[in-house]
Structure formats: structure tokens, C-alpha cells
Amino acid sequence: MAQFKLVWFAVGEGEMELHFLPATDRPAENDQHICLMVDDVDAYRHRLSVAGVPIIEAEPIPLRPRFFCRDPFGNLVEFTTLLSEYHPAQ
């Protein structure tokens, strides 16, 4: 959909679609972002790095390795993997 300057992600089987359009009236840099949970966050980090995408390291969260990058339009995207479920304190 390059002719429309549109990035379109299909997530799951008919579960969700995310559409990103360039906007001229938003701040150049902000911390609003989407988060994508993936099976192997290190594989995504490697693939994006090899493609020349700058990786933005994130403050660690227990059991949830993660990193950020920006899409071609400057939107912030977080990638994470859930290593274990969180359990409430007893």
C-alpha cells in the first residue's frame, strides 16, 4: 500500500488490524506507542537490526524483555515477549 503511504498490520486471524497514516499535525517525537507481543523478541531485534532499523533500548521489566524502534513514519513501536505470567502477591 506504498502508493497510499500506509502501513497496515494484520494481527492474529481476523482479530485486529492496525492502520498507520502519516500526519503533519502531530509532535515530531513522542512516547505514545503500540506494543506488539511476539514469540521471540530477540529474533525480532536481530532482524530489525540487520535491516538497519535503529533499536531503542527500554527500561527492563521483570519477565518481559522488550525494545522499541520507530516505523517509517516515526511512530514508536514496542516489541516484547512474556516469559512467564505475573502472579498476584499473596
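Is Phe 67 buried or exposed, and what is its relative accessible area? Please describe the surroundings as well.

Author: The model is a predicted one, and Phe 67 in it is buried, with a relative accessible area of 0%. That value is under the 20% that sets the limit for a buried residue.

The protein chain holds one helix and six strands, and from the N terminus on they follow the order β-β-β-α-β-β-β. Of its 90 residues, 24% are buried. The chain has an average pLDDT of 79, and 61% of the residues reach at least 70. Among the elements, α1 has the highest mean pLDDT, 96, while strand β2 (residues 16-20) has the lowest, 62. Where pLDDT is low, predicted coordinates should not be read in detail.

Phe 67 lies in strand β5, and Phe 79, 12 residues away, lies in strand β6. The ring centres of Phe 67 and Phe 79 are 5.2 Å apart and the planes meet at 15°, so this pair counts as stacked. Phe 79 is buried too, with a relative accessible area of 9%. Two aromatic pairs are found in a search of the whole structure, and ring pairs join Tyr 44, Phe 67 and Phe 79 into a cluster.

Both phenylalanines also belong to the largest nonpolar core, which has eight residues: Leu 36, Val 38, Val 41, Leu 48, Phe 67, Cys 69, Val 77 and Phe 79.

Next come the strands themselves. β5 and β6 pair in the antiparallel sense over five bridges, and Phe 68 has Glu 78 as its bridge partner in β6. The two strands form a hairpin with five residues between them, where Gly 74 takes a positive phi near 95°. β6 also pairs with strand β3 (residues 33-37), in the parallel sense and over five bridges. Here Ile 34 stands opposite Val 77, and Met 37 stands opposite Thr 80.

These pairings are part of an open sheet of four strands, in the order β3-β6-β5-β4, with mixed pairing. Its edge strands are β3 and β4 (56-57), each of which pairs on one side only.

β6 is mostly covered, with five of its five residues buried. The cover extends to both faces: Val 77 and Phe 79 are buried on one side, and Leu 76, Glu 78 and Thr 80 are buried on the other. Leaving aside residues up to four places away in sequence, Val 77 touches His 33, Ile 34, Leu 36, Phe 67, Phe 68, Cys 69 and Asp 71. Phe 67 is thus one of the residues in contact with Val 77, as well as the ring stacked with Phe 79.

Two values for the chain complete the account. Among contacts between residues at least 6 apart in sequence, 38% join residues at least 24 apart. The chain exposes about 7000 Å², of which carbon and sulfur atoms supply 57%.

Terms used: Residues are numbered from 1 along each chain as its sequence is written. This is a predicted model: local features need pLDDT of at least 70, side-chain atom pairs count only at pLDDT 80 or more; totals for chains, interfaces and linings use all residues. Side-chain values use heavy atoms; hydrogens and water are left out. A nonpolar core is a set of buried Ala, Val, Leu, Ile, Met, Phe, Trp, Tyr and Cys residues joined through side-chain atoms within 4.5 Å. Buried means under 20% relative accessible area, exposed over 50%, partly exposed in between (1.4 Å probe, protein chains only). Contact means heavy atoms within 4.5 Å. Rings of Phe, Tyr and Trp (its six-membered ring) pair if their centres lie within 6.5 Å; planes under 30 degrees apart count as stacked, over 60 as edge-to-face and the rest as tilted. Accessible areas come from the Shrake-Rupley method with a 1.4 Å probe; for residues, only the protein chains shown count as cover. pLDDT is the predictor's confidence in each residue, from 0 to 100. Two strands pair if DSSP finds at least two bridges between them.
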